[in-house]
Amino acid sequence: MQAWIAALSFIVGMTPFLADAGGASTPSTADQRAIRGIIESQLDAFQRDDSSSAFSYASPIIQQKFGSPENFMAMVEGGYAPVYRPREVEFLDARVKDGQTAQAVRFVGPDGKSVIAIYSMERQPDGSWRIGGVFLIATDETSS
């Protein structure tokens, strides 16, 4: 139940991000570069089926939740096909709202359907970024 409430809170908090970004700011250029690099590195690890590397980009909370790289990869394969095996990837806006940083990415999945992924990013004590969660939003777009 707490996980569901946390997810709902994240989604509600990102509503301005998805609509017009009212009250949200843009992360620094350095943070945007670092965030994009983390996401791209994880996507590269998915392409190589390198579960250990892919898992290393997840936040400590996500790592604790899944317990192992294999469990994490099984979840991604089963529930995030557009992210796991994208045909197209397009980075959209990054925003900071109420202390939460999110990066939007448009994916075209293996089935040709487009989704927007909202990556919740978490800054670590050492200043690095990790992926704290991904929420997929279906669109009406399809690609041939």
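**Before you select anything**

This is a predicted model, in which local features need pLDDT of at least 70 and side-chain atom pairs count only at pLDDT 80 or more, while totals for chains, interfaces and linings use all residues. Residues are numbered from 1 along each chain as its sequence is written, and side-chain values use heavy atoms, with hydrogens and water left out.

**Stop 1: helix α2**

Select residues 29-47, which make up helix α2. Helices here are DSSP runs of H or I with at least four residues, strands are runs of E with at least two, and both are numbered from the N terminus. From its first C-alpha to its last, α2 reaches 27 Å with 19 residues, close to the 27 Å expected at 1.5 Å a residue; the expected span is 1.5 Å times one less than the number of residues.

Now show the side chains of D31, I35, I38, I39, Q42, L43, A45 and F46, the buried residues of α2. They cover an arc of only 160° around the axis, which puts them on the same side of α2. That arc is taken from the directions from the helix axis to the C-beta atoms. Buried means under 20% relative accessible area, exposed over 50%, and partly exposed in between, with a 1.4 Å probe and protein chains only. An α-helix has 3.6 residues a turn, so residues three or four places apart point the same way. Turn to the other side of α2 and you will find T29 and R33 exposed. Just after α2, D49 has a positive phi of about 55°.

**Stop 2: the core**

Next, select I39, L43, F46, F72, F107, Y119 and M121: they touch the most other members of the largest nonpolar core, which has 25 residues. Such a core is a set of buried Ala, Val, Leu, Ile, Met, Phe, Trp, Tyr and Cys residues joined through side-chain atoms within 4.5 Å. The largest share of this core, six residues, comes from α2.

Centre on F72, whose contacts (heavy atoms within 4.5 Å) include Q42, F46, A54 and I62, not counting residues up to four places away in sequence.

**Stop 3: the rings**

How are the rings of F55 and F72 placed? Their centres are 5.6 Å apart and their planes are at 55°, so the pair is tilted. Rings of Phe, Tyr and Trp (its six-membered ring) pair if their centres lie within 6.5 Å; planes under 30 degrees apart count as stacked, over 60 as edge-to-face and the rest as tilted.

**Stop 4: the strands**

Select β1 (residues 88-97), joined to β2 by eight bridges in an antiparallel arrangement; strands pair if DSSP finds at least two bridges between them. K97 stands opposite Q100 in β2, and D98 in the two-residue turn has a positive phi of about 50°.

Move on to β2 (residues 100-108), which runs antiparallel to β3 with eight bridges. Here A104 stands opposite I118.

Finish at β3 (residues 113-123), where eight of the 11 residues are buried, so the strand is largely enclosed by the rest of the structure. With β4 (residues 129-142), β3 pairs antiparallel over 10 bridges, and E122 stands opposite R130.
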